[in-house]
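Have a look first, then read on.

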Amino acid sequence: METAKKDGFFQKYCESLRKSITQNEFNDFAQLDSGEKRFSFINGLKSIVTELKLAREFNGKSLERSLDLKNLGNKSFQKESWNEALAYYNLCYMATPESNESEKAIILANRSAALYHMEKYDLALKDIQRAIRLQYPKELMYKLTERKARCYLGKKDHVKALECFKETLPALDNCKLPLERRQKLERDAQIMINLLPKNIEAEKKLAKGRKPVPAEPKKPAVPEFYTEKGLYFDYSSEEGRFAKTNVDLKPNTIVLVEKPHVSVLLEEYSKTHCSTCFKRVSVPVCCPKCSDVVFCSEDCESSANSGYHKYECGFLPIFWKSGASITCHMALRIITQQSEEYFLQLRPELDGLTSEQTDKLKHDDYRKIYKLVTHEETRSAEDFFQRTLMATLLNACLTLGGFYKTKEAESFIGGLLLHNLQLLQFNAHEISELQREDDRDVGKSVFIGGGLYPTLALFNHSCEPGVTRYYKGNSVCVRSVRSIAAGSMIGENYGPLFTQTPRDERRATLLNQYRFSCNCRACSENWPLFSEMDDTVLRFKCDGGKICSNVLLIPSEINEFMIKCTDCGEHTNIMKGLKLVQDTETMFKLATKMHSAGEIEAALYKYVEEMNTLDEVLVPPYRDYHLCQQGLRSCMLEYGNRYVKFVTKK
């Protein structure tokens with residue numbers, strides 16, 4: 001895996017530095033036996049900060065640009081183009097410098113007006129409160145109190161609406177409106193103050209006469225971390241640690257829910273999704289200093305700016321221009337989301353913990369991920385050189401951001417950066433979002449960022465995976481897409497699927513990217529591609545006492561119903577099986593129709609019913625089985641991150 005794209009400045013700098021050092025110097029580097037020593041060696045050659053003239057960049061904030069965008073927003077607002085106005089006000093808000101609080105308050109107030117007209121009352125109320133906190137001009141406060149009242153009317157909260165209309169009257173005392181205009185607003189507010197108590201009283205009487213509607217039972221909250229009770233981790237010298245189950249798992253079993261140890265958005269999604277939790281953002285909260293990231297709430301912004309973002313802020317434009325891969329950014333954030341003191345305290349025990357001990361640690365504990373596979377012993381000196389130089393670039397961000405309190409910690413942290421770059425290469429996962437052009441589009445799963453999940457990282461690969469994964473924000477959920485027998489490995493897929501890619505190509509890809517030769521069932525038996533599966537032959541299970549694993553190959557057009565097994569000699573009555581196969585065709589059509597109609601849960605359970613029925617009598621690979629699996633996967637993606645670009649008006 002490359003650490004940086006060739007069109008970024010890092011790759012050119014790396015090639016230049018490599019040519020500038022002598023062969024003896026490189027030989028000395030090649031003999032080093034630890035990340036800390038490698039980092040100290042490369043970091044000591046030249047100052048990457050001086051060489052590349054690195055400095056924090058805050059190019060996105062400009063009052064002049066902000067005012068231009070506000071004018072465009074106001075023009076759109078006057079034309080009642082609410083969505084367009086909101087888009088301009090968002091850009092305007094992000095461009096406003098931290099020091100211009102009064103201007104920011106006005107922008108937020110304007111944005112709240114657009115949101116009110118879009119009937120997004122809760123979002124409008126949040127912006128009103130933000131504007132008030134930023135000392136919105138006293139002479140204009142009547143606008144916000146009246147808008148609050150209108151928002152609460154829209155929400156049918158007449159009690160709070162009444163309170164806000166009452167606040168509007170004294171607020172008008174400070175306004176600088178012409179007398180006639182002011183008196184009209186006062187009359188309008190007074191009408192509502194007189195009318196609303198009657199509405200509130202009438203609602204109370206109606207409520208007393210109504211029979212109480214039983215509350216719907218609350219669905220249990222999805223935990224931040226959950227593992228299926230049968231999940232455990234085995235070990236072999238060939239496969240390392242890997243996930244298995246000691247109970248039979250049915251299709252659609254939730255196997256794992258896990259938050260990431262670290263997660264990072266791709267650059268192209270840094271202004272559309274929350275940098276902290278990865279929720280898609282329509283009304284952003286921005287960083288006070290930079291315009292490079294957005295947040296979904298003050299909580300996420302505060303969490304970022306008290307942690308990782310205070311070190312990355314102003315450095316992201318340089319980082320993106322360098323061409324560094326997303327795993328490089330993740331290697332940095334593993335460090336920036338903690339403190340120098342945190343890592344120094346862990347230093348004595350990083351190499352001493354057993355797997356049993358690390359399994360009990362929380363997902364955000366660095367010791368939880370430190371011993372994930374790095375394949376360090378197979379790396380070349382050239383590979384180490386490039387990654388170590390990248391570690392010095394990441395370290396420059398820490399230095400420029402004021403991460404270090406003591407100079408002595410730099411080589412140790414630099415060594416950890418190099419270690420992180422290695423382990424992420426083989427253990428990170430792509431975080432996705434199901435994106436649709438419109439609500440009729442089937443959609444496609446799109447890579448929006450990367451995450452490292454300490455438990456999921458221990459799942460081994462299979463070209464015929466037993467599970468699929470989807471993401472809610474940056475949390476991952478793993479569900480089974482077929483039956484998995486007790487004692488079996490739970491395989492997930494992080495390479496090509498056997499249905500789409502020939503075995504030799506799959507194995508070559510996996511060997512190159514992950515350094516292992518795949519011997520999953522699909523590879524060892526050389527299963528055919530989906531397009532090559534023979535529909536004229538059914539693959540029946542042998543009924544020989546349920547202990548025979550032979551597959552009975554039965555032509556779809558057959559007149560016999562008692563088939564003798566060539567292995568165990570027992571006879572299998574395939575009449576029932578043929579009837580069940582016919583039933584599954586109806587199930588599949590119904591599930592597909594439900595899915596197309598948006599009845600996701602009903603479709604999912606119908607696919608599960610089909611999968612369980614197929615599992616009774618047939619043995620994969622065959623087309624119906626894998627079409628059903630794809631239906632299951634598609635339904636499960638609906639529970640994760642989703643985005644529809646254009647919603648059809650009904």
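Q: What makes β8 and β9 count as paired strands?
A: Strands are DSSP runs of E with at least two residues, helices are runs of H or I with at least four, and both are numbered from the N terminus. Two strands pair if DSSP finds at least two bridges between them. Seven bridges join β8 (residues 429-438) to β9 (residues 444-452), and the two run antiparallel, so they pair by that definition. Within this pair, Gln435 stands opposite Lys444 in β9.

Q: How far can this model be trusted, and how are its residues numbered?
A: The model is predicted, so local features need pLDDT of at least 70 and side-chain atom pairs count only at pLDDT 80 or more, while totals for chains, interfaces and linings use all residues. Residues are numbered from 1 along each chain as its sequence is written, and side-chain values use heavy atoms, with hydrogens and water left out.

Q: Why are β5 and β16 called edge strands?
A: The open sheet has four strands in the order β5-β9-β8-β16, with mixed pairing. β5 (262-265) and β16 (642-646) each have a single partner strand, so one side of each is left without a neighbour in the sheet. From one strand to the next, the twist averages 35°.

Q: What lies across β5 and β9, and at what angle to β5?
A: That's helix α15 (residues 326-336), running at about 135° to β5. Axes are lines fitted to C-alpha atoms, for helices over the stretch in contact (heavy atoms within 4.5 Å), and angles run from 0 to 180 degrees between N-to-C directions.

Q: Is Asn90 buried or exposed?
A: Buried means under 20% relative accessible area, exposed means over 50%, and partly exposed is in between (1.4 Å probe, protein chains only). Asn90 has 10%, so it counts as buried. Asn90 sits in helix α6 (residues 82-95) and touches Arg111, Ser282, Val283 and Pro284, not counting residues up to four places away in sequence.

Q: How do you know that Ser112 is buried?
A: Its relative accessible area is 0%, so the buried label applies. Ser112 belongs to helix α7 (residues 101-117). Leaving aside neighbours within four places in sequence, Ser112 is in contact with Ala124, Asp127, Ile128, Leu144 and Arg147.

Q: What makes the phi values of Phe278 and Arg515 worth a look?
A: Phe278 has a positive phi of about 75° although it is not a glycine, and phi of Arg515, also a residue other than glycine, is near 65°. Phe278 is in the loop between β5 and β6 (285-286) and is buried at 1%. Arg515 is in the loop between α21 (503-514) and α22 (521-524), and its 29% makes it partly exposed.

Q: Which residues lie nearest the centre of the second largest pocket?
A: They are Pro223, Glu224, Lys259, Lys472 and Ser475, out of 41 lining residues. On a 1 Å grid over the protein atoms alone, a pocket is an open set of points where a 1.4 Å probe fits, with protein on both sides within 12 Å along at least five of seven lines, and lining residues have an atom within 4 Å of a point. The largest share of the lining, four residues, comes from β11.
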